Amino acid sequence: MTMNVSEEIERLKEEITRLGKPCPDGSISVKFGTLFNDDRCANLFEALVGTLRAAKKRKLVKFDGELLLQGVHDNVDVILLKA
């Protein structure tokens with residue numbers, strides 16, 4: 001089953017909402033390690049990092065750096081910007 005990038009980003013937004021915590025500004029924040037190590041996310045996303053980069057390019061999420069790596073960047077906040 002293949003999804004297009006827009007579908008993957010929509011799923012990513014749902015998963016960040018499910019796993020993250022609301023921020024006062026209306027955004028939702030989740031640690032990269034939480035996303036990466038979640039069983040549901042592991043089954044949904046073939047390339048979580050690629051989906052995150054695509055969402056960042058579209059200014060739907062923000063995080064420090066260009067590329068997130070498991071272990072090294074587990075404590076980096078991935079922020080879903082308010083719609």
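Predicted model: local features only at pLDDT ≥ 70, side-chain atom pairs only at ≥ 80, totals over all residues.
Residues are numbered from 1 along each chain as its sequence is written, and side-chain values use heavy atoms, with hydrogens and water left out.

Helix α4 itself spans residues 48-57, and its buried residues are Leu48, Thr51, Leu52 and Ala55. Buried means under 20% relative accessible area, exposed means over 50%, and partly exposed is in between (1.4 Å probe, protein chains only). Looking down the α4 axis, these buried residues fall within an arc of 100°, so they line one face of the helix; the arc is taken from the directions from the helix axis to the C-beta atoms. As for partners, the buried residues of α4 pack against α1, α2 (32-37), β3 and β4, where contact means heavy atoms within 4.5 Å.

On to the charged side chains. A search of the whole structure turns up five salt bridges, each being a side-chain nitrogen of Lys or Arg within 4 Å of a carboxyl oxygen of Asp or Glu. Glu10 and Lys13 form one of them, at 3.2 Å from N to O. Both sit in helix α1 (residues 5-19), three residues apart, or about one turn of the helix. Glu10 is partly exposed at 43% relative accessibility, and Lys13 is partly exposed too, at 23%.

Another salt bridge joins Arg40 to Glu15, with an N to O distance of 3.0 Å. Since Arg40 belongs to helix α3 (residues 39-44) and Glu15 to helix α1, this pair ties together parts that are 25 residues apart in sequence. Arg40 counts as partly exposed at 44%, whereas Glu15 is buried, with a relative accessible area of 1%. Glu15 and Arg40 also take part in a network of salt bridges that links them with Arg18 and Asp38.

Asp77 and Lys31 make a further salt bridge, at 3.0 Å from N to O. Here Asp77 in strand β4 and Lys31 in strand β2 are 46 residues apart, so to speak distant parts of the chain that the pair links. Asp77 is partly exposed at 33% relative accessibility, and the value for Lys31, also partly exposed, is 33%.

Asp77 has a polar partner as well: its side chain is joined to that of Ser29 by a polar contact of 3.4 Å. Such a contact is a pair of N or O atoms within 3.5 Å; within protein, one must be able to donate a hydrogen and the other to accept it, and residues adjacent in sequence count only if both atoms are side-chain atoms. Ser29 lies in strand β2 (residues 28-31) and is buried, with a relative accessible area of 16%. Apart from neighbours within four places in sequence, Ser29 touches Gly20, Lys21, Cys23, Asp77, Val78 and Ile79.

Finally, the surface. Leu67, Leu69 and Val72 make up a nonpolar patch of about 280 Å². Val72 is in the loop between β3 (61-62) and β4 (77-80) and is exposed at 63% relative accessible area.

Definitions and conventions. Patch = residues over 30% accessible without salt bridge, like charges linked within 9 Å, V, L, I, M, F, W, Y side chains within 5 Å. Areas by Shrake-Rupley, 256 points an atom, 1.4 Å probe, with all protein chains shown as cover. Helix = DSSP H or I, 4+ residues; strand = E, 2+ residues; numbered from the N terminus.
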